[in-house]
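Here are my notes for you, as promised. Keep the model open while you read and click along point by point.

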Amino acid sequence: MTSAIYYKETQDLVQTFSQEDQAYFQDLWDYFNFAGFLYEEKALKEQVYNLALDFSQASGDGWTAKDYFGQDPKGMADQILENMPKESTRSVLKYGAIVSGIVIFYRLLSDFASQAVLVLKPLVYLTDSILGLLAVGLLFYLLRRLIFAEEKSKKAIYVAVVLVLGIYFISEIVGVRFLPAFAWLTVPNPWDTFLMTGASAGLILWQWKEEFVRAFIFPILSFLVVGFLHRWTLAQGIQNSTMTMILPTVIIVIGLMIYYWFMISALKKNKTENGE
């Protein structure tokens with residue numbers, strides 16, 4: 001079976017558990033998922049599926065999840081992970097490239113929407129990539145620790161998550177401004193428009209099948225439209241604040257509102273399908 005099939009079969013099995021057993025197993029499942037970057041995806045999903053299948057059979061004999069898996073699910077999961085095949089260096093680099101690509105793309109999109117011409121900044125993109133990888137890695141580590149943490153430890157982890165996000169965004173917004181203008185390359189209009197339109201279309205088509213990722217289409221389109229509007233107002237010599245500030249802000253806000261509405265609807269739909 002493929003990774004997607006293992007995931008779907010596991011979901012179907014979990015729906016047959018009692019509410020208490022579902023909560024127990026979901027925490028166990030999430031713990032494995034947050035370790036996903038370090039271990040082979042298919043092997044990890046197969047392991048979780050086998051655990052769900054074994055417990056499904058045991059629950060028919062009256063076992064609860066706590067009785068079957070024990071009072072220390074984290075310790076059991078860690079023992080299983082010790083024997084799991086590690087993800088290859090190539091796959092880890094692939095995931096890193098995807099994270100870096102997304103961060104760089106949104107930097108380009110933001111610059112396209114706010115600047116008269118697009119300026120490529122290699123040193124900024126390298127910094128974006130490093131900060132993005134560090135932030136994602138730390139967040140996955142903290143969220144994984146959070147699942148089975150005691151109540152006192154959870155508060156400290158929540159604070160750590162907020163600090164990581166705060167430092168990341170401050171570094172992205174303020175820190176990169178102090179980087180030297182090394183090897184900057186100006187992409188004049190209309191080539192910057194062609195570049196960003198093509199890149200956006202490629203990203204949208206690549207991820208169209210993923211329902212949650214599809215929600216990102218709306219902020220992408222809103223930033224693109226603002227970029228087009230910015231270039232049009234400059235070409236027409238328009239300088240009134242309605243066209244240069246208010247309308248772009250409204251477009252971006254609408255795009256973000258549609259994104260959040262789409263995400264909330266998708267989450268509700270997912271909960272309904274899972275019988276929650």
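1. Start with Ala183, which sits in the loop between helix 8 (151-173) and strand 2. Helices (H or I, at least four residues) and strands (E, at least two) are DSSP runs, numbered from the N terminus. The phi of Ala183 is near 60°, a positive value in a residue that isn't glycine. Most residues other than glycine have a negative phi, and most peptide bonds are trans. Ala183 counts as partly exposed because its relative accessibility is 46%; buried means under 20% relative accessible area, exposed over 50%, and partly exposed in between (1.4 Å probe, protein chains only).

2. A quick word on what you're looking at: this is a predicted model, where local features need pLDDT of at least 70 and side-chain atom pairs count only at pLDDT 80 or more, while totals for chains, interfaces and linings use all residues. Residues are numbered from 1 along each chain as its sequence is written, and side-chain values use heavy atoms, with hydrogens and water left out.

3. Next, look at Pro190, in the loop between strand 2 and helix 9. The peptide bond from Asn189 to Pro190 is cis, with omega near 10°.

4. Which residues of helix 9 are buried? They are Asp192, Thr193, Met196, Ser200 and Ile204. The face turned away from the buried side carries exposed Trp191, Phe194, Leu205 and Trp206.

5. Now the largest nonpolar core, which has 27 residues. Such a core is a set of buried Ala, Val, Leu, Ile, Met, Phe, Trp, Tyr and Cys residues joined through side-chain atoms within 4.5 Å. Phe25, Leu28, Phe32, Leu51, Phe69, Leu81 and Met84 touch the most other members. Helix 3 gives the largest share, seven residues. Not counting residues up to four places away in sequence, Leu51 touches Phe25, Leu28, Phe32, Phe69 and Ile80 (contact means heavy atoms within 4.5 Å).

6. Finally, Asp21 in helix 2. Asp21 is buried but has no salt bridge, and the nearest side chain of opposite charge, Lys66, is 8.4 Å away. A salt bridge needs a side-chain nitrogen of Lys or Arg within 4 Å of a carboxyl oxygen of Asp or Glu; for charge, Lys and Arg count as positive and Asp and Glu as negative, with His and the chain ends not counted.
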